[in-house]
Every structure is written in structure tokens, then in C-alpha cells.
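Please look at the sequence and the model first.

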Amino acid sequence: MDPYIYTEKPKYQPHDIEDASEFYDVIERSSLTHQLSENRPYVYWTMEIYDKSNGIKGGGGLGVLAADTRRVAEKLEVPFVVVTPFYRSESHQKITDLAQEEFSESVSPQDYGFEYIDEVFVSSNGFPDASLSIFKKTLGSTQFVTISEPNFGQLYEGDGSGDHRLYQEVALGFGGYKALKLLGIKPAVIQLNETATIFAALARLDELCANGMNLYEAVVYVRKHTLYTNHTLLQAAEPEFHRSQFEKLVLPNIKSNAVRCWLMEQFRNDRLRPNLLAIELTEAKNGVSKLHARVANFRDRNNDKVKFQAITNGIDLETWVLPETLQTYRDHGIIDKFGLPTNDFSEKLNSLSSADLRYLKKLGRKELNRVLLSRKDQYGKSIQIPENAILFDFKRRFANYKRPYMPFENPDSLRQILISHNAHYILTGKVHQGDVTMYQKLLEVLKLIDNDPVLKERVHYIQDYDEELGRALAIGSDASINIPIVGLEACGTSWEKDIANLKLLISTSDGGVADVQPIACLEVTGRNYEAEVSSLYVNMHKAAAILKNDQLLEKHIRHQLSNYLPIISGARMMKDYLKFIFPKPQIQPKKEPQIKRIPIQ
């Protein structure tokens, strides 16, 4: 018989929200009942969304965030529309002779329940108009509105400042705006998920001016109804386009001469970064963590530093957290029916015992092993992680600033950790297409593992990282490694999924982790890279010791959740956005009535 406190699996109960007005009341925005509706929704523009269940597989964290934002809106009954491309080609990764290779599979919107609406067109000089197919799919209070055409290319195909990339952005902005008009949707507010979506705001500006509004009034209107969410730390890292590219691909789609002249005035030395348009056409601007909002270095036309509000990314708890764990949070009064932490959640966390934690992690390991049966390691084989083994993981895009190679800098130290603690290590994450440096780094790491009998037995690189694998590792692993170079991670959400699933986090003080100071997890520190490597190994030993000790386990898991659960909550993120975009109306003080004095006769 299982020695833990449960006698049966807890049954997950879905949320019970009658309509959005309940949530609006809780966040002190009751007026949104009248401001947001099916025909006047919150509209979210994004170049990518990572929602494989709906057939759209984005490139990474930006797309995962977009998918979670829509899911949270659906659960809260918020009228919400996502405008995004539907890429007809889905990329995958495989490992051959320890080297990464890519291949693509074709996908179709109709295969995933999208309804074909009609065609819209975008224009360019010297070429026939491009026909874009519009598809929609309704999910509760939310909708996907997607644009698609066979030559649209894969996500981020080609040079970042090339014609094809600009065409994709123009097609999404102008084509997507036409699609909304076709569907009778008038945005109450537009959220631009990163700079590439700025042409949606430009299309709205052009529509207002073409219909008779003067340019100044139209710019003010667009600014007040558009939010720019930035995920980039440095303005210099943003793409830049030449005047001739705009003349070829952008100007043919603008009807208003006033807007055309205004746009051309934004160029300097015949070059323009679209982020300057985003700065000019939005009043509300946010970064995606406290650190990001503080250090993001963006300047406006006058060279004044741009101020970003901090709204840290959150996750959809129902998507990423083991159902039994989420039900435990609800049963213990830790989160409410909206997915928000309760007022006394910190105290309620004290009721989580080590028996609870170990039982839930045991369920998570079973789920992870179920998923791993259908996945392949670097040798093309499926693996299983022993139930009693400690499991570390690194599950992020294989990018240089995330430093996936750091644990392998001293193979002797890693080998000692794995043997002495009966531990395994799962490494997963794709190299971004065209990143030659990281292709080589991945090959070097896999060769190192292959040449060491202990590492070969206990370190597993799982191919073709995706949502399913990311969720399984969040649920079934014991300790997560998150070690970006401090100052280069805008937020990240993988670490949030780990903490929500009762894992220990080993991290540098970067991105959203740094919202709490000092950070509330095992911190990797050091004055130089070598010192950070040593700190990582020390913290892996600490994590293993904590996982073996009931009292230490309770203490560290409660500490992490107490500090980060309000940040992790996707409902909190939606609350922050709604309160930021729709400020509370200022109540004017009542004037005291004036008493008219009647003179004595």
C-alpha cells in the first residue's frame, strides 16, 4: 500500500466562472462588462502562437506566451481575438550521428477545425496583389483569426531585415486588419505582441484617416487604444528596413496621403526600425518582467528613453500543471476559481506536507515516462527514468545566452553528481535554424556524452522539443536548471512551469526569476564564468540533498511558491493587462453646494 496520505487520485474539477463580469468585479474593473464584447473584443496580434492542439506550432517562448494568454482569456470568459499567421509548414528536429537536422511537415487549417471565411489582399509595387486566406476558429469567448497562403514561408524564414520578413509582417498587419473588418470585429484595444506586429496599428491609423479623421486625432486615438508588449532588451537588436523596401511593400497598402507622408518622415538616412513606429503609435508600453522593463534600452524620436511598465509573463496553470497538483492547490485554498492566489495563500502553503509533494511528484514521474515512451534520445531510442532516481533537466531553446552547455564544462563534477545521488539528466531544446555556432556546441556536448560511459548512461538528449515534452518534464522532473547570462533573458516561463509543478529551481538572477530579490530559489552566482560553473555544481548537490530530506523539501517548495505563485498565475497577468490598458476612471469630487446668502432687508 502507498504510504502517502492519499488513498486515491484527487479528481480535477474545472473552473466554475459564470461570465467575465465575476472576474471584472474581482479586479475592480466592473465597467469592462460594457467596454468589451464579442464585437468589441480585446485583440491580440502576434507573429507566432504555439498551440499544437489547434494546429499552430510557433517557434518558441513568444508563441507559448501567446497561446497561454488566449487560454487564460477563454477560462475567464474575456472576449478575446488572436490575429496570427497559420504557417502551412511545421518544422521538426532530428538527431543523426549526433548532429541536428531539420525537416518540415505540411499542415492545414481545415484539419484542425478552422473555418474558411474569404480572401483579402495586400499590395506591393511591381508584383500582383497577394491573396491571403482568412480562417477563424471560436473557442468559448475567444477566437483565432488566421491568415494563410502557400508562399507565406515558415516562421522567421529568411533574413530578419529581408523583403520576405517585411512581407510577412505587412501581410499580418494589413491583411489581419482587413480580416477583422470582414468579420465585423472592431477592436476595443489592440495588443501588439512584439514589434513585428506594428503594421496592425498602422493599418488602423490609415483606416481612420481614410475615413475623414485628421492625422493628429487619429494618432492620438490609435495611441490610446494600442498596447506595445516588448520582449527585446536592446533596440539595436531589432530589425531595420530600407526606404525602398517600405516603398515596395508597405506604401501600396496605405490609402491616406497624410499617413503616407507621416510614415516617410519617420525615416532617418533612409532606414527605419519598426520599433520606432511602435513607440510612436502606442501610449501603453510594457516589458515582460521587472528587470526587463528597467533595463530595456529604447529611445524615441527625440532620443528620450522609453518607459516600459513591468507586466511579468504568466502561464495558464490548467495547461502546464499536473491536474492533481492543481486540484491540491484548490483544495488547500491556495488558488481561487479564477487561478489567482488567495489572500492567505502563503499561510495555506504550510498545509502542503512532504507526503503530498512526494505523492504528486510520483504521479508526475509516471506521466513523464508515459511521454518518453514515444520520444527518442540522441541515439534514436526511447528511455525511462527510474522512479527512485533524481532527475535534473534543461528544457529551453538551445541558444548561446541560455548556456545549455554549462553543466558539461567539468565532466568529472557532473559525473560525480549523477553517481553519488543516483541522478539522471535530461537535456532538450532545438538550435535555432541557421545558428552555426550552437549547431557545433550541441554536437560537442553530445560527443562528450557519447565518449563517457557514465554520462552516456545517465544523460539523455531528447529530440524534437515541443509543448508535450516541455509539460511532461515540468511535471515529472525534480530539479530544473535555468542559467541564462544575467541581463539577457527578458522573462522566460519554463521556470514558472517548474515551480508550479513542485520542482526545485536552480537559476541565475535573470528574467522573471529576478522579480523577487534576492531570488527565491537556488541561485547560481559568480564573478566570472568559471565561478558560475562551480556554483552550478554546488547547487546541484544542494538540490539533491534537499530532495532526500522531507523537512528541507517542504521548506524550499513552500518558499518558492510563496514568492513566485502570484507571478506565475496567468490570471494575474490578465488582471495586470486589463488594469493597465483600462485605467480606473477618476471619480471627480463632488462640489459643495453654494449657499446663496440673502442680505438682510
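**Labels and their grounds**

Q: Why is Asn269 called exposed?
A: Its relative accessible area is 74%. Exposed means over 50%, buried means under 20%, and partly exposed lies in between (1.4 Å probe, protein chains only). Asn269 therefore counts as exposed. The residue sits in the loop between helix 8 (257–264) and strand 11 (271–272).

Q: What kind of model is this, and how are residues numbered?
A: This is a predicted model, in which local features need pLDDT of at least 70, side-chain atom pairs count only at pLDDT 80 or more, and totals for chains, interfaces and linings use all residues. Residues are numbered from 1 along each chain as its sequence is written, and side-chain values use heavy atoms, leaving out hydrogens and water.

Q: What makes the phi of Asn269 worth a remark?
A: Phi is positive, about 55 degrees, although Asn269 is not a glycine. Most residues other than glycine have a negative phi.

Q: Where does Glu77 lie, and what is its phi?
A: Glu77 is in the loop between helix 3 and strand 2 (80–85). Phi is near 65 degrees, a positive value in a residue other than glycine.

Q: Is Glu77 buried, exposed or partly exposed?
A: Relative accessibility is 30%. Glu77 therefore counts as partly exposed.

Q: How do you know that the span of helix 3 (residues 61–75) agrees with its number of residues?
A: The expected span is 1.5 Å times one less than the number of residues. For the 15 residues of helix 3 that gives 21 Å, and the end C-alpha atoms are 21 Å apart, so the two agree. Helices (H or I, at least four residues) and strands (E, at least two) are DSSP runs, numbered from the N terminus.

Q: Why is helix 3 called largely enclosed?
A: 13 of its 15 residues are buried, so the rest of the structure largely encloses helix 3.

Q: Why is Tyr425 called buried?
A: Its relative accessible area is 0%, so Tyr425 is buried. Tyr425 lies in strand 15 (residues 423–428). Its contacts (heavy atoms within 4.5 Å) include Leu391, Phe392, Pro407, Arg458 and Met540.

Q: Why does Leu391 count as buried?
A: Relative accessibility is 0%, so Leu391 counts as buried. This residue belongs to strand 14 (residues 390–395). Among its contacts are Arg365, Leu368, Tyr425 and Gly476. Leu391 and Arg365 are 26 residues apart in sequence and 9.4 Å apart in space, C-alpha to C-alpha.

Q: What makes Gln463 a buried residue?
A: Its relative accessible area is 9%, so Gln463 is buried. Gln463 lies in the loop between strand 16 (459–462) and helix 18 (467–476). Its contacts include Gln93, Lys94, Arg375, Asp377 and Leu469.

Q: How do helix 14 and helix 18 pack?
A: Their axes are 7 Å apart, at an angle of about 150 degrees. That makes helix 14 roughly antiparallel to helix 18. Angles under 35 degrees count as roughly parallel, over 145 as roughly antiparallel, 65 to 115 as roughly perpendicular and the rest as oblique. Axes are lines fitted to C-alpha atoms, for helices over the stretch in contact, and angles run from 0 to 180 degrees between N-to-C directions.

Q: Which residues make the contact of helix 14 with helix 18?
A: Among them are Lys361, Arg365 and Leu368 of helix 14, and Glu468, Leu469 and Ala472 of helix 18. By class, the contact has eight nonpolar, two polar and five charged residues. Ala, Val, Leu, Ile, Met, Phe, Trp, Tyr, Cys and Pro count as nonpolar, Asp, Glu, Lys and Arg as charged, and the others, Gly among them, as polar.

Q: At what angle do the axes of helix 14 (residues 354–372) and helix 21 (residues 550–568) cross?
A: They cross at roughly 80 degrees and come within 9 Å. Helix 14 and helix 21 are therefore roughly perpendicular. Ser354, Leu357 and Arg358 in helix 14 meet Asp550, Leu553, Glu554 and Ile557 in helix 21. That contact has three nonpolar, one polar and three charged residues.

Q: How do helix 20 (residues 529–547) and helix 21 pack?
A: The angle is about 115 degrees, with the axes 7 Å apart. That makes helix 20 roughly perpendicular to helix 21. Ala545, Ile546 and Leu547 in helix 20 meet Leu552, Leu553 and His556 in helix 21.

Q: What kind of peptide bond joins Gln517 and Pro518?
A: The bond is cis, with omega about -10 degrees. Pro518 is in the loop between strand 18 (504–507) and strand 19 (522–523).

Terms used. Lists of a residue's contacts leave out its neighbours within four places in sequence.
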